[in-house]
Amino acid sequence: MKIRLLSGTVYIAILVAFFCLKIVVPTVNGVPYGDFCFDVLIYAFALLGTFEMLRAVKEKTSKIERGIVYAFTAVIIPALAICQWKWGNGWTVIGIGVFALAVALFSLLVIAHEKVTLESLGLSLFSAVYPTLLLCLLVLTNHATGDGRLARFALDSRVMILFIFVISPCADSIAYLFGRYMKGKFPKKMAPKLSPNKTVIGGIGGLVGGILGAVALYFIYNACVGTYEKMAIVLPVYIGIGLLAAVATAFGDLVESSIKRKVGLKDMGNIMPGHGGALDRLDGTFFATVAVYIAFTAIHWLAGMVL
């Protein structure tokens, strides 16, 4: 318990440090050096996660397949960050990157047909999607900008990142507490075949954590910027996104549990004692990123249609 708390504290400290760099490092001549600082953290997540994922499927994939996936991870994140900042064509970069990855892997059916199988190609593609392709959305979030005329409904990368890295840990923590101290009275399992330790009451705790995290984020962030404009509209929106992110976090945990069961591992790594590997810590964050990005993009689009 103590070592889990210690490693979790170190993880949070790293997140806070890089988020502060994003805020305080200035933009010079239009170059957002602060945003690029946070991209470095995302890049580290992608490299660590890819290493853990490919290690988990090492026995079923070839060196050349793993090399291609590593190359994809090494190139796509920095290329995406630069192109999204410079030209705003991040989705095009993602599309080209995935297409190039698929062509490179499929070409191995001819070039290295004795070393690869359809199963190994599928596992290699999966190892590129999870986690790197999911983290590409975090890069897009980090560089999100919107129409300033929409005021409170403009895309704000700072708020979006805070939602991801505040709601997901809050949901995880409260779910853990609910599950640990209330499972005796409410023992019903959430997904007994995927994750026997997860209970329905823990899932409810995760939703409570999402709400609490969203409310705290609203009041603390708006206290910092000095305005509570349109609270009757904005606060429910925060709570709604908090709930969505909490559900996505729980789903991500179950996805990771399923992956570990299928590859026969208890943890994906040991970089975070008490938690496991980078993927064990970030699993819910990947899907919370998807939920937050889609939610904010949809709200921004709807606000643009109405306002």
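Two residues are said to be in contact when heavy atoms of each lie within 4.5 Å. Among contacts in the chain between residues at least 6 apart in sequence, 72% join residues at least 24 apart. The model is predicted, so local features need pLDDT of at least 70 and side-chain atom pairs count only at pLDDT 80 or more, while totals for chains, interfaces and linings use all residues. Residues are numbered from 1 along each chain as its sequence is written, and side-chain values use heavy atoms, with hydrogens and water left out.

The chain contains nine helices and four strands, defined as DSSP runs numbered from the N terminus (helices: H or I, at least four residues; strands: E, at least two). Read from the N terminus, the order of elements is α-β-β-α-α-α-α-α-β-β-α-α-α. The radius of gyration is 20 Å, close to the 19 Å that the globule rule gives for 307 residues, so the chain is as compact as a globular protein of that length. This radius is taken over C-alpha atoms, and the rule is 2.2 Å times the number of residues to the power 0.38.

Attention now turns to the interior. Buried residues make up 47% of the 307 residues; buried means under 20% relative accessible area, exposed over 50%, and partly exposed in between (1.4 Å probe, protein chains only). In soluble globular proteins, nonpolar side chains tend to be buried together. Here the largest nonpolar core has 73 residues, and those with the most contacts inside it are Tyr 130, Phe 163 and Phe 165. Such a core is a set of buried Ala, Val, Leu, Ile, Met, Phe, Trp, Tyr and Cys residues joined through side-chain atoms within 4.5 Å. Leaving aside neighbours within four places in sequence, Tyr 130 touches residues including Met 53, Val 255 and Phe 287.

Aromatic rings form a further theme. A search of the whole structure finds ten aromatic pairs; rings of Phe, Tyr and Trp (its six-membered ring) pair if their centres lie within 6.5 Å, with planes under 30 degrees apart counted as stacked, over 60 as edge-to-face and the rest as tilted. Phe 38 and Phe 165 form an edge-to-face pair, 6.0 Å centre to centre with 75 degrees between the planes. Because Phe 38 lies in helix α2 (residues 33–56) and Phe 165 in helix α6 (residues 157–182), the pair ties together parts that are 127 residues apart in sequence. Phe 38 is buried, with a relative accessible area of 1%, and Phe 165 is buried at 12%.
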